[in-house]
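Hi,

Here is the structure I promised to pass on to you. My notes on it follow below; please have a look with the model open beside them.

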Amino acid sequence: MAFELTEENYYSLESRNAYLSNSDLKIAQECEYKFMKSLRGEYERPKTNALLQGSLLDIMLTGTDKELEQFKKDNSLLFNSKDVIKDVLGLQNRHPELFTRTNNLKGEWSIKKLKENFPDEIVTVFGDMKADFKIVEQMYNKVINDPIAMKYLNGEKQRIFTGNLFGVDMKCKLDIYIPDKAIVDLKTCESIHKTYWSDEFSRRMSFVEYFKYIQQMAIYQELVFQNTGKHLPCYLLAVSKEPITDLELIYIDDETLHDTLFGNEFNQGLVDDITKVRMLKSGDIEPIKCGRCDLCLEEKKIERPIHFTELMGKVN
């Protein structure tokens, strides 16, 4: 592993091309074409409200103050904010021509005009979240007022691990790593007890299965094992976005994690999917369009008429 992975470069294109993460594996499982475009920097996942709400709660509970401030800057439209003069007395000393004899800004100099002409003199102050994101404050308060939840959030935050699975260099970044005790990942969801229909498995399943969180935790557990020699229990701290926030600590048993990763008599585990990623990245095989993801639909052109019975083959 020649590439040195750090906190600063973890999400960079160079890092993503050097290591495979669960997030990128999920993209490849959905659409090989989108996966390869994303590795070249030609596709970026759209920022939906649901995604941003989850990211914000994650940072509030497991991130640093610096990460929270950066999130606010990158997503300033989600917050009530205003621009103010960083140092009024300093600005008066440096640019007295902007002020009247009574130390007020001259009429022609609005804060907006000051920002355009003297950007280093203006700072943006962020206030409360806007309406669509007030739910995140409610979710945050639910978690910090739950003793069990806070106990399982009391560990090393955003710890990075690397390893190798089926000949592919892998990486992960744990929300919470409690050395020798547990791996905890924070999850937001529409409803903890809502079920989803899976065409692949022809049955309804929980959000934990449907969104491949078992796969994620199986990879996390194995990479931690490769570095520490210990298989740690894996938990999801799930927080719902309902009007009255629901909260659960969900345990995934070791047998399920092992079989999801390495397979059993009924399934192949992840060996085929991860091996295919290696072949895609090396150019041994060409990526196939799924025809149903956001990128495929955006680029779609009609190639021929289809019979109505073909539509059933395209159901998600």
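Strand β8 is covered on both of its faces: Cys234, Leu236, Ala238 and Ser240 are buried on one side, and Tyr235, Leu237 and Val239 are buried on the other. Please keep in mind that this is a predicted model. The strand spans residues 234-240, and seven of its seven residues are buried.

Strand β5 (residues 182-189) runs parallel to β8, and seven bridges join the two. If you want a place to start looking, Cys189 stands opposite Ser240 of β8. With strand β9 (residues 247-252), β8 pairs in the antiparallel sense, over six bridges. Here Leu237 stands opposite Leu249 of β9. β8 and β9 form a hairpin, with six residues between them.

Next, the helices. In α2 (residues 22-30), the buried residues are Asn22, Asp24, Leu25, Ile27 and Ala28. Which elements cover them? The cover includes α1 (13-18), α3 (32-39), strand β4 (168-178), α11 (213-228) and α13 (271-282).

Helix α11 is where you will find Gln215. Is Gln215 buried or exposed? Its relative accessibility is 5%, so Gln215 counts as buried, the cut-off for that being under 20%. Leaving aside neighbours within four places in sequence, Gln215 is in contact with Asn22, Leu25, Lys26, Gln29, Thr260 and Leu270. Of these, Asn22 and Leu25 are among the buried residues of α2.

The last item is a helix pair. α4 (residues 49-62) and α5 (residues 65-74) pack at an angle of about 155°, and their axes are 9 Å apart. Angles over 145 degrees count as roughly antiparallel, and α4 and α5 are therefore roughly antiparallel to each other. Their crossing is left-handed. On the α4 side, the contact is made by Leu52, Ser55, Leu56, Ile59 and Met60, while α5 brings in Glu67, Leu68 and Phe71. By type, the residues of this contact divide into six nonpolar, one polar and one charged. As for the spacing along the helices, an α-helix has 3.6 residues a turn, so residues three or four places apart point the same way.

Happy to talk any of this through.

Best wishes

Definitions and conventions: Residues are numbered from 1 along each chain as its sequence is written. This is a predicted model: local features need pLDDT of at least 70, side-chain atom pairs count only at pLDDT 80 or more; totals for chains, interfaces and linings use all residues. Side-chain values use heavy atoms; hydrogens and water are left out. Axes are lines fitted to C-alpha atoms, for helices over the stretch in contact, and angles run from 0 to 180 degrees between N-to-C directions. Helices (H or I, at least four residues) and strands (E, at least two) are DSSP runs, numbered from the N terminus. Angles under 35 degrees count as roughly parallel, over 145 as roughly antiparallel, 65 to 115 as roughly perpendicular and the rest as oblique. A crossing is left-handed if the near helix is turned anticlockwise from the far one by less than a right angle, and right-handed if clockwise. Contact means heavy atoms within 4.5 Å. Ala, Val, Leu, Ile, Met, Phe, Trp, Tyr, Cys and Pro count as nonpolar, Asp, Glu, Lys and Arg as charged, and the others, Gly among them, as polar. Buried means under 20% relative accessible area, exposed over 50%, partly exposed in between (1.4 Å probe, protein chains only). Two strands pair if DSSP finds at least two bridges between them.
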